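Please keep the model in view while going through the numbered points.

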Amino acid sequence: MASLLLKGGRLVDPAGGRDGLFDLLIADGRVVSVTPAKAGPRTKAPRQPPRRSGAGRASGPRVIDVSGLIVCPGLVDMHVHLRDPGQEHKEIIETGTRAAAAGGFTSVACMPNTEPRNDGLAVTEYIVGEARRRGVVNVFPIGCVSKGGRGEELAEIGDMVRAGAVAVSDDGAPVSSSHLMRMALEYTRIFEIPVIDHCEDRSLSSGGVMNEGPSSTMLGLRGIPAASESVAVARDLALAELTGGRLHVAHISTRRSLDEVRRARHRDVRVTCEVTPHHLVLTEEDVAKSQYDPNTKMNPPLRSEDDRQALLEGLADGTIEAIATDHAPHHADEKLQEFDDAPFGIVGLETAVPLVMDRLVRAGHIDLRRMVELLSVNPARILGLKKGSLAQGADADVTIIDPALEAKVDPARFQSRSRNTPFAGWRLRGWPVLTIVGGRIVHERAGASR
């Protein structure tokens with residue numbers, strides 16, 4: 001494996017306490033050294049091939065000038081749907097991981113709502129093996145809480161953990177039984193993994209297709225009340241407090257839910273939560289503006305502006321610990337139906353970084369250090385992964401971002417097998433240009449000037 005020297009970039013590594021101009025040396029898939037870059041003006045140059053001796057062997061590392069760029073630990077998306085096995089018309093592990101690499105993610109954790117569901121050893125082993133054979137980024141399976149995701153009895157959690165699962169979730173289907181949720185939180189303490197719950201009371205949300213409020217009334221669409229999430233969050237927090245288990249609230253979307261998490265933290269409840277980029281930049285009003293575009297239909301739905309502001313506050317005060325895409329690919333024939341009939345969900349791996357850079361960092365809601373914490377350090381910590389750091393000896397998973405690069409979101413260029421995004425045509429600034437996994441370049445943005 002060729003060694004790499006990334007010279008002169010702004011290295012943002014919160015885990016190592018670094019934020020400045022550094023040279024990063026990588027060899028044999030690991031970080032060899034991080035040294036201060038030499039002061040003074042630099043001449044920008046394209047990547048240089050390794051110099052070779054007369055014997056044809058490289059005499060030094062491949063030098064890549066990354067001056068003006070942001071160098072950070074490889075990004076970790078803790079909530080993606082790779083659809084493989086069973087829904088290959090939407091996504092496969094190969095295309096999903098290529099989409100991740102294009103989006104700057106070096107590791108993804110994939111949800112278990114496959115066909116069949118990942119509720120035991122066989123499917124977990126399939127995902128791990130297929131990722132090893134065809135994936136270009138690290139893939140960490142998430143197993144089901146219950147057999148078949150039906151919420152009736154616990155899945156074979158121990159077998160899945162031993163095969164590589166890093167968490168359990170019935171995502172796509174909330175754990176409706178309080179007794180089963182209690183059992184899951186108690187049992188997973190043995191393995192010190194989180195239970196990730198899609199918090200939704202379906203007796204309140206059943207039949208709803210967007211947030212319940214003035215926009216749903218105006219559009220004549222059945223609403224999903226914010227309480228359908230916050231009621232479920234409150235129950236899960238009570239059970240986490242009872243059991244001492246680790247709870248992770250997926251794709252949190254309402255002010256009340258966030259307040260519940262904040263209060264629980266003060267009681268030392270072991271809870272973390274994530275938010276999606278789309279809930280940070282869009283609201284229920286965008287459903288109306290889009291004229292019923294099914295690409296604005298997701299679950300939880302786009303909420304009110306007040307909820308969005310609460311989520312931004314949660315990022316700033318640390319209540320929200322991770323940004324995750326909830327990448328949910330759907331075939332065009334499925335998504336392009338009437339709004340009521342279209343499935344929930346959008347793709348997100350390839351738009352997350354520029355959305356966060358353009359709409360959060362540039363807007364002053366968070367700084368670069370906080371962005372790296374939310375997209376790398378904290379997701380790795382929550383899932384117990386040895387990622388999120390560029391310390392000497394760490395895995396050489398690196399994401400390089402050009403903060404000045406402005407480009408239009410073009411779904412036709414996505415690496416994902418699906419195209420269902422509400423961001424088509426948006427011009428955003430701050431795109432990943434180079435993704436390195438285990439010391440190997442797995443994606444380089446076409447047309448990048450460096």
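1. The buried residues of helix 1 (residues 93-102) pack against strand 7 (105-110), helix 2 (121-134), strand 8 (138-141), strand 17 (427-437) and strand 18 (440-444). Contact here means heavy atoms within 4.5 Å. Helices (H or I, at least four residues) and strands (E, at least two) are DSSP runs, numbered from the N terminus.

2. This is a predicted model, in which local features need pLDDT of at least 70 and side-chain atom pairs count only at pLDDT 80 or more, while totals for chains, interfaces and linings use all residues. Residues are numbered from 1 along each chain as its sequence is written, and side-chain values use heavy atoms, with hydrogens and water left out.

3. How many of the ten residues of helix 1 are buried? Eight of them are, so helix 1 is largely enclosed by the rest of the structure. They are Ile-93, Thr-95, Gly-96, Thr-97, Ala-99, Ala-100, Ala-101 and Ala-102. A residue is called buried under 20% relative accessible area, exposed over 50%, and partly exposed in between (1.4 Å probe, protein chains only). Just after helix 1, Gly-104 has a positive phi of about 90°.

4. Helix 1 also meets helix 2: their axes come within 9 Å and cross at roughly 65°. Axes are lines fitted to C-alpha atoms, for helices over the stretch in contact, and angles run from 0 to 180 degrees between N-to-C directions. The crossing is right-handed; a crossing has this name if the near helix is turned clockwise from the far one by less than a right angle, and is left-handed if anticlockwise.

5. On the side of helix 1, this contact involves Ile-93, Glu-94 and Thr-97, and on the side of helix 2 Ile-127, Glu-130, Ala-131 and Arg-134. By class, three of these residues are nonpolar, one is polar and three are charged. In this scheme Ala, Val, Leu, Ile, Met, Phe, Trp, Tyr, Cys and Pro count as nonpolar, Asp, Glu, Lys and Arg as charged, and the others, Gly among them, as polar.

6. The axes of helix 4 (residues 178-187) and helix 7 (residues 227-243) come within 9 Å and cross at roughly 45°, which makes helix 4 oblique to helix 7. Angles under 35 degrees count as roughly parallel, over 145 as roughly antiparallel, 65 to 115 as roughly perpendicular and the rest as oblique. Helix 4 passes helix 7 in a right-handed crossing.

7. Where do the buried residues of helix 4 lie? Leu-180, Met-181, Ala-184 and Leu-185 are buried. Viewed down the axis of helix 4, they fall within an arc of 135°, so they line one face of the helix; the arc is that of the directions from the helix axis to the C-beta atoms. Their cover includes strand 10 (195-197), helix 7 and strand 13 (247-249).

8. Two cis peptide bonds may be checked. One joins Glu-115 and Pro-116, with omega about 0°, and Pro-116 lies in the loop between strand 7 and helix 2. Another joins Asn-299 and Pro-300, with omega about 5°.

9. Is His-251 buried or exposed? His-251 counts as buried, at 3% relative accessibility, and its phi is near 30°, a positive value in a residue other than glycine. Gln-291 has a phi near 60° and is exposed, with a relative accessible area of 68%.
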